[in-house]
Amino acid sequence: MDGFLSLFEQYDVAGAFWINIQLTFWAAIWSLLLGTLLALFRISPIASLQWFGATYVNIFRNTPLTIIIAFGVLALFGQLFVSLSEDFNLNFFRLAILGLSLYHAAFVCEAIRSGVNTVPLGQAEAARAIGLSFLPAARLIILPQAFRGAIAPLGNVLIALTKNSTVAAAGSVAESAGLMKTMIEFRSDMVIPIFFTFALGFVIIVIPIGLLTTWASKKLAVAR
Amino acid sequence: MSAQQVLFDAPGPKAKRNILIGNIAGAIFVIGLLTWLVITLAERGQLEPAKWTPFLEVRTWQFFFLPGLWDTLRAAGVAIVTSVVLGLILGIGRLSHFLPIRWLAGVIVEFLRAVPVLLMMIFLWLAIGAASIMRPQDIPFIAVVTALTLYNGSVIAELVRSGVEGLPKGQREAAMAIGMTRGQSLRSVEVPQALTAMLPALVSQFVVILKDSALGYIITYTELLQNARRLGVGEGNLLQALLIAAVIFIIINFALSSLANRLSKLLSFRTAGRAKRDKDQKVLLPDATNAG
């Protein structure tokens with residue numbers, strides 16, 4: 001037990017989790033922005049933008065995240081010398097955020113689109129019947145209902161993003177999965193307690209997000 | 001409801017003209033983006049023949065891509081079978097009327113769903129290595145398959161549960177009426193129908209398994225990504241090698257997704273449950289909790 005506790009003095013476990021939370025936070029914001037834009041493309045009546053949105057989603061959803069993250073470090077940085085910061089570690093951190101955002105934007109797009117799909121056609125017809133034109137109908141009737149319908153799938157994407165932030169280990173970011181590896185290699189006699197410590201950390205982060213988004217999606221659900 | 005129908009009326013002459021203008025502007029934007037990409041790559045010398053010709057050689061495929069693809073498919077194939085088995089066991093456990101079993105299965109499923117696959121993979125890889133119970137060269141494969149099984153088994157357990165709960169309750173009542181026990185009813189009436197209903201979602205889960213097998217790259221498993229990297233380091237064309245690996249993954253996953261779509265159309269009338277997806281959802285909305 002003493003050995004176990006001294007491990008935590010030697011290694012900054014909380015700091016590693018903090019990196020995961022930061023990765024998740026920034027990637028959540030960027031993927032939400034990009035995903036919303038893609039969803040707008042996909043639901044617009046403009047064929048070329050629809051095609052772009054659909055192609056983006058199909059490409060990124062079917063590519064393993066590991067390849068995208070590895071691509072950032074090995075190809076973008078290693079071969080094209082794309083650098084997002086002077087600082088070596090900050091550069092890898094930002095490349096990982098870029099990879100996570102590009103990948104999860106595809107899922108955000110589908111989540112938002114599924115939200116729009118929950119709105120019954122009658123709502124749009126009723127809006128037109130009382131004389132609302134396109135923009136007011138979208139702003140006052142359709143989109144508020146669509147966003148409320150998209151909360152649960154968006155919550156799922158956020159949970160996936162939190163867990164997937166560990167894949168940044170493939171992009172040379174010193175986060176919790178990498179730290180777990182270092183710790184186990186140092187004290188292979190404590191492999192099980194170390195694993196359960198890290199696993200518990202993720203359970204503590206992920207389960208509240210799930211409960212919160214489930215609660216919010218029920219609370220804000222449109223009664224039909 | 002289709003987003004198109006909800007958001008837009010049937011266009012009149014004026015709207016048609018606006019859509020055309022928008023379409024041209026959009027096409028210019030998309031083509032501009034792609035041109036910019038190609039020009040940037042060309043400027044940095046990434047389109048030179050020397051970077052691409054290795055992919056035309058037999059040895060590249062013989063020693064790098066095909067063995068890598070084989071290892072990827074092997075790990076994913078085994079993990080698909082084992083995770084379906086584990087999913088059935090845990091799913092039936094969650095539906096059990098015996099409280100301790102239901103509770104235990106619930107805790108296991110929730111735990112496995114909350115822990116990142118990569119964490120389990122690294123743990124298994126190092127733990128099996130430390131225990132030295134098998135040949136070192138087999139350890140990465142076993143770790144990849146076991147981690148994928150544990151995680152995807154728990155996801156499939158939830159599919160089984162929601163599939164059974166989605167059945168009309170008449171099915172269960174009929175089974176009870178002819179004197180079946182709860183276990184018999186689950187095994188011979190409910191789960192078989194639920195399986196048909198969940199088949200499309202199950203096939204979509206196979207896409208996740210295939211994608212997540214690439215995590216093996218991090219624990220030195222010689223799958224497609226790992227081999228692409230080795231090739232790219234040797235030939236100095238990492239960008240191109242990773243792109244080809246990504247394309248191979250996209251083709252296989254795209255085929256699997258199309259299969260899932262076809263299945264959902266084919267099976268929708270063969271079960272009392274709901275195999276049909278949202279009409280306008282081209283691909284099943286991925287339960288993104290497993291967007292590995």
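What is the mean pLDDT of chain A, and what percentage of its residues reach 70 or more? The mean is 90, and 100% of the residues of chain A reach 70 or more, pLDDT being the predictor's confidence in each residue on a scale from 0 to 100. The model is predicted; local features are reported at pLDDT of at least 70 and side-chain atom pairs only at pLDDT 80 or more, whereas totals for chains, interfaces and linings use all residues. Residues are numbered from 1 along each chain as its sequence is written, and chains are lettered from A and ligands numbered from 1 in the order in which they are written.

Helices are DSSP runs of H or I with at least four residues, strands are runs of E with at least two, and both are numbered from the N terminus. Among the elements of chain A, the lowest mean pLDDT, 78, belongs to helix α1 (residues 2-10), and the highest, 94, to helix α2 (residues 13-43).

Helix α5 of chain A (residues 88-117) contains 30 residues. From its first C-alpha to its last it reaches 44 Å, close to the expected 44 Å, where the expected span is 1.5 Å times one less than the number of residues. A bend of about 30° occurs in α5(A) at His104(A); the bend is the angle between axes fitted to the seven residues ending at a position and the seven starting there. Of the 30 residues of α5(A), 25 are buried, so the helix is largely enclosed by the rest of the structure. A residue counts as buried if 20 or more other C-beta atoms, placed from the backbone, lie within 10 Å of its own, as exposed if 12 or fewer do, and as partly exposed in between.

The loop between α7 (134-164) and α8 (176-186) of chain A holds Ala168(A). Ala168(A) is buried, because 31 other C-beta atoms lie within 10 Å. Beyond its neighbours within four places in sequence, Ala168(A) is in contact with Leu23(A), Ile69(A), Ala96(A), Val173(A) and Glu175(A), contact requiring C-beta atoms, placed from the backbone, within 7 Å. Ile69(A) is 99 residues away from Ala168(A) in sequence, with a C-alpha to C-alpha separation of 6.6 Å.

Ser172(A) also lies in the loop between α7 and α8 of chain A. Its phi is positive, about 55°, although Ser172(A) is not a glycine. Most residues other than glycine have a negative phi. Ser172(A) is buried, with 20 other C-beta atoms within 10 Å. In chain B, Ser132(B) has a positive phi near 40° and is located in the loop between α6 and α7 (139-165). Ser132(B) is exposed, with 9 other C-beta atoms within 10 Å.

The contact between the chains takes 62 residues from chain A and 53 from chain B. On the chain B side, at least two residues each come from α1 (3-7), α2 (13-43), α5 (99-114), α6 (117-131), α10 (224-235) and α11 (238-267). The most are given by α11(B), with 9 residues. By class, this side of chain B has 36 nonpolar, 10 polar and 7 charged residues; Ala, Val, Leu, Ile, Met, Phe, Trp, Tyr, Cys and Pro count as nonpolar, Asp, Glu, Lys and Arg as charged, and the others, Gly among them, as polar.

Chain B is divided into domain 1 (75-221) and domain 2 (222-263), with bounds from an automatic or database domain assignment. Their contact takes 14 residues from domain 1 of chain B and 12 residues from domain 2 of chain B.

Notes: Two residues are in contact if their C-beta atoms, placed from the backbone, lie within 7 Å.
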